[in-house]
Amino acid sequence: MNTALKAGFAGALLGFVLAACTVKLDDGLRYTCTADTDCGGEGWKCTASTGKGWCCKPSPDGVEVCNGKDDDCDGKVDNTGKAEVCNGKDDDCNGKTDEGFDLNTQAANCGSCTTQCQANEECVVGKCTRRTETACNDNLDNDNNGLTDCADPSCKDQSCGQGCACDGHQKSEFICDDTVDNDGDTKTDCDDSDCAGRSCGPGCQCGTDGGVKRESDCFDAKDNDGDGFIDCADPDCLGNYCTDTSMGLYFTCAPGGVCNCNGGQMIQEATRVFCSDGIDNDCDGVKDCGDPHCDLKGCTSLNDTDCVCKNGIKTEGNCGNLADDDGDGKTDCADSDCAPGTACTKGAGGAGTCSSGTCQ
């Protein structure tokens, strides 16, 4: 399914088989839903935990990337939550690459994202050049060019005091959690637009529009932004992970302030799609072939035969396709999963049977 809005199942009914109705859904249409059962199974789920949403099939890893699709099926497209960094990529999915980074003037990215000027250098037209203004907070015109401190281009990105750096020919606040007006503009921390998108302490980030603290750590049991709400109870956390994903747990904050498995979509791992996606879809602590529900199910999203889950591990299911289907480094007859006498394909072509680890 793509993002073109098409509601309902009109035109999807193809025919009847005996007393049962067989329905084929067009992947090019978008179908509205209120529950996963509306979406026909096979890994499709409804983006809405309550109310109306649309049927969506998550990507194999369930990670949102910039591709115009709702990869994690949370009802939002390209919401990676990432801030733009200088790396030649569109990190925040706004259609722009490395915006906010001036390779002609920024000492941290001078000429390229990987070039950083020395402390005594400035970036001039993309090249690191020795600085002329030696101090940027002494109220002196050190190089006698008529410009003092931050007003001198030579001071760009240099310290103008504690928690202050020169930016745009003026002082800029860059420590946003010390309750100090570091740049002397009468605005402090997140109330200063300089702090937009910057950290306001552990698990806290200033809003991109400034003036607002937002919870960014949603599983530390702390009210990081000081608004009286903790973790999933804070609206800032809706859709964010509320468990440590490095542990293989994919719980996200759902409406109502709860921390639910996959945002409330607890799906039993019982089809090849869920047994090969690397996600603990039912949040029982095991995933893919490690989950007993995957036993004898395919462990590749392509089919149910080439790779098969058995006794908690991947096994070679096709011993004649000259491929390492279970990813253990052994192909066809060389894999102990292919018992002697199993039909195989010889390396030079032609049918054979497995014998002594080769196809003969």
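Which cysteine does a disulfide join to Cys160? The partner is Cys164, with an S to S distance of 2.0 Å; a disulfide is taken here as a pair of cysteine sulfur atoms within 2.5 Å. The model is a predicted one, in which local features need pLDDT of at least 70 and side-chain atom pairs count only at pLDDT 80 or more, while totals for chains, interfaces and linings use all residues. Residues are numbered from 1 along each chain as its sequence is written, and side-chain values use heavy atoms, with hydrogens and water left out.

The link of Cys160 and Cys164 is left-handed, with -80 degrees about the S-S bond. Cys160 has a relative accessible area of 3% and is therefore buried, and Cys164 is buried at 0% (buried means under 20% relative accessible area, exposed over 50%, partly exposed in between, with a 1.4 Å probe and protein chains only).

Strand β9 (residues 164–167) runs antiparallel to strand β10 (residues 170–173), and 4 bridges join them. Strands (E, at least two residues) are DSSP runs numbered from the N terminus, and two of them pair if DSSP finds at least two bridges between them. Asp167 stands opposite Gln170 in β10.

In total, the structure holds 23 disulfides. Another of these joins Cys56 to Cys73, again with S to S at 2.0 Å. This pair links distant parts of the chain, as Cys56 sits in strand β5 and Cys73 in the loop between β5 and β6, 17 residues apart. The link of Cys56 and Cys73 is left-handed, with -75 degrees about the S-S bond, and both cysteines are buried.

A further disulfide connects Cys344 and Cys359 (S to S 1.9 Å). Its torsion about the S-S bond is about 90 degrees, so the link of Cys344 and Cys359 is right-handed. Cys344 is buried at 6% relative accessible area, whereas Cys359, at 22%, counts as partly exposed.

The loop between β5 (53–56) and β6 (121–124) also holds Asp91. Leaving aside neighbours within four places in sequence, Asp91 is in contact (heavy atoms within 4.5 Å) with residues including Cys66, Thr80 and Lys82.
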